[in-house]
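Here are some notes to read alongside the structure, written for someone meeting it for the first time. Please keep the 3D view open as you go.

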Protein chains: 2
Amino acid sequence: MTTASRALSNADHPIAEETRQAVLDAARELGYRPNLVARSLRTDRTLTIGIVVENLLSPFNPLIMQGIQDVLDKHNYLSITINSYWDPDTEIAAIQTFRARQIDGILLVESCIRSSDEVFRLAGVPHVFVHRLFDSLASGSVVPDDRQGGRLAVHHLIGLGHRRIGFINGPEGWDASANRLRGYRDELTAAAIPFDDQLVLVGDWEVRSGYDAARTLISCDTRPTAVFAANDLMALGAIYAAQEAGLDVPGDLAVVGYDDRDMAGFVRPGITTVQMPCQEMGRRSAQLLVELIDGHGDRPAPILIPGKLVVRQSCGGSNEPWDFEPERASFTRVRRRSCPDSGQA
Amino acid sequence: MTTASRALSNADHPIAEETRQAVLDAARELGYRPNLVARSLRTDRTLTIGIVVENLLSPFNPLIMQGIQDVLDKHNYLSITINSYWDPDTEIAAIQTFRARQIDGILLVESCIRSSDEVFRLAGVPHVFVHRLFDSLASGSVVPDDRQGGRLAVHHLIGLGHRRIGFINGPEGWDASANRLRGYRDELTAAAIPFDDQLVLVGDWEVRSGYDAARTLISCDTRPTAVFAANDLMALGAIYAAQEAGLDVPGDLAVVGYDDRDMAGFVRPGITTVQMPCQEMGRRSAQLLVELIDGHGDRPAPILIPGKLVVRQSCGGSNEPWDFEPERASFTRVRRRSCPDSGQA
DNA sequence: GTGAAAGCGCTAACAT
DNA sequence: ATGTTAGCGCTTTCAC
């Protein structure tokens, strides 16, 4: 019994190679699989981490989850996911459930819980906030660097010769809005373009609000030649507004978005946009969590993940005409067709 | 100890109400939370089910997962998810991992494993296939009724007066392709329209293939007045092909798609399409699995979930002009803004 | 290098 | 209606 355990769990206990093999063979023979529940009870480690996610339907979260899973896999952790639907009570209940199940750590994706202490008090285990939307500068958070992203977008437009650049921001109160605005101003300053608050409007992240804002910008006394929208949905609305006004995009109005959702590659013109670094956020947060669990590393300052610009056609600046992008999940599609066992039904 | 257990686990054991309250109070006082790992070891039930999913990036899977979670929640199950990336070896490894963790049942979403016996042999627990792509008619599967969906699409076109209707199908070998074609033929027959195989082309599910197929159809001797594409991506390609050829959609060519992805509501014209009943598939499969675990119910014949038609603008037939659809996940967005604790950062 | 025995926290069987 | 005891399957002392 003891020896068997030692052979299989490859502890650092000394053991005769011969015996080890004998055990391994016997195990294979009998189809023996150790019972991890019993092991967990004994060792106080479940090799399971709990994930509280706002909602898998948000376009970012599946990518974040994928980044997380990739790293957890490597460390032999599995995860239990609970949807919070942005309800604080549900989040708290989830954390208690995790505690009862003795999970080793918690990842909170787009959580609305503000205090890290509260999580620790409830669960008593290490945890990391991923893509926090409001207190993004708190420690133990992994978040996108929206200020840098804003700069990227505006820098691109300035590089294409634009000097009168409108900005359709998200609502106030969101860190994303504040930071993207900072990036916008940074680049104007760097290019010695005076800030004009007539050119800055606020939307609500949805298509219609981008459309409305763009109509206002277009009918401005000196209308902008380019617009930076703080997300792709509003960028799309801006494109439609321009097209309805008889303006060519990008010829008469260049538009750059933010997020790089699927949709940005399917519409015409394809939307040039700043990619939200979801997978990388997922990876880094899982990495950090594992380190915290292992006792290395401490809760560091917030980790900002830079995005990158994806150039399509809505700003010009690329010689490529609009092209058909393959679906993002399609690397699997390709394999599907050649999947060993999947012939005719 | 025993009494405490009985009070908390609300077994059907008789117990004095007074004692029960005393235990509950004490538990609250001490912040006691039962250790579910220990309970599982003892009871041989983990209240956890394993989900093998092809890939969370596929547009259907987050919706399916949501349907699953909703039902599992009600039954106090939690789930562990493993991505298979459409690799049979990974799937098998996942099932073995689940077994080692003593999960109570398995859900296989878009699995490429063909035999139910194999799963049972590996895991020894009940399991259900969800959205099987190839052996969809095997028992213990919950799948979309693609034949009915195909009928829905074509019926809609015929109802609008079209009699010459092209069909851009998915590749051979996929159950979805075969069944949507059946639906197409069913409706032609019902309307006494002769089947013309010149009007049926095959794509590879991607945008470009829809574009190419539509160009062929458009340059046909007697070009169709409508096209049914077996997914939204190919429908989009068809729309672009028509527009490039100077045809108005829906005026000169009506297009109906399949799946109802996000994108279908964002492009112009919005794509009229058959909605893949993802949430319902998720719900039904979780429901079935729970019944199998509880010993009620047996592995039934495949369960076909009907889809429904979502009318937008690509076929006409609606008086509404193109409108701005709210993002699907946006019901949460609305709550976000009013989330109790999420003020300025 | 190997084995014997204890015990993780719970619940089920068996007293009382 | 409550308490006592054993044991789920593993790992970890501790002895040999």
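Predicted model: local features only at pLDDT ≥ 70, side-chain atom pairs only at ≥ 80, totals over all residues.

1. Let's begin with chain A as a whole. It contains 13 helices and twelve strands, and its C-alpha trace spans about 85 × 55 × 35 Å along the principal axes. Of the 345 residues in chain A, 51% are buried. If we take the contacts in chain A between residues at least 6 apart in sequence, 71% of them join residues at least 24 apart.

2. Five of its five residues are buried, so the strand is largely enclosed by the rest of the structure. In a regular strand, side chains alternate between the two faces of the sheet. Which residues of β3(A) lie on each side? G105(A), L107(A) and V109(A) are on one side, with I106(A) and L108(A) on the other, and both faces are covered.

3. Now look at the strands that pair with β3(A). Strand β1 of chain A (residues 48-53) pairs with β3(A) in the parallel sense, over five bridges; here V53(A) stands opposite V109(A). Strand β4 of chain A (residues 127-130) also runs parallel to β3(A), joined by four bridges. Within β4(A), F129(A) is the bridge partner of L108(A).

4. Together, β3(A), helix α6 of chain A (residues 116-123) and β4(A) make a β-α-β unit, and the unit is right-handed.

5. Next, how do the two copies relate? Chain A is superposed on chain B by a rotation of 180° with 0.0 Å of shift along its axis, at an RMSD of 0.1 Å. That is the relation of a two-fold axis. The same surface serves both copies, as 100% of the contact residues of chain A recur in chain B.

6. On to the DNA, starting with strand C. It is surrounded by 22 residues, the closest being P14(A), A16(A), S5(B), N35(B) and A38(B). Helices α1 (2-8) and α3 (36-43) of chain A, along with α1 (2-8) and α3 (36-43) of chain B, each supply at least two residues of this surface. Which element gives the most? That is α3(B), with five residues. By class, the surface near DNA strand C has ten nonpolar, nine polar and three charged residues.

7. For DNA strand D, α3(A) gives the most, with five residues. The surface near DNA strand D divides into ten nonpolar, nine polar and four charged residues.

8. G251(B) sits in the loop between α10 (232-244) and β9 (254-259) of chain B. Is G251(B) buried or exposed? It counts as exposed, because it has 10 C-beta neighbours inside 10 Å and the cut-off for exposed is 12 or fewer. The C-alpha atom of G251(B) is separated by 8.9 Å from that of T225(B), 26 residues apart along the chain.

Definitions and conventions
Residues numbered from 1 in each chain as written. Chains lettered and ligands numbered in written order. Near = placed C-beta within 6 Å. Nonpolar A, V, L, I, M, F, W, Y, C, P; charged D, E, K, R; others polar. Least-squares fit on C-alpha atoms with pLDDT ≥ 70 in both. Contact = placed C-beta atoms within 7 Å. Buried ≥ 20, exposed ≤ 12 C-beta atoms within 10 Å, placed from the backbone. Pairing = 2+ DSSP bridges. Right-handed = clockwise from strand over helix to strand, strands pointing away.
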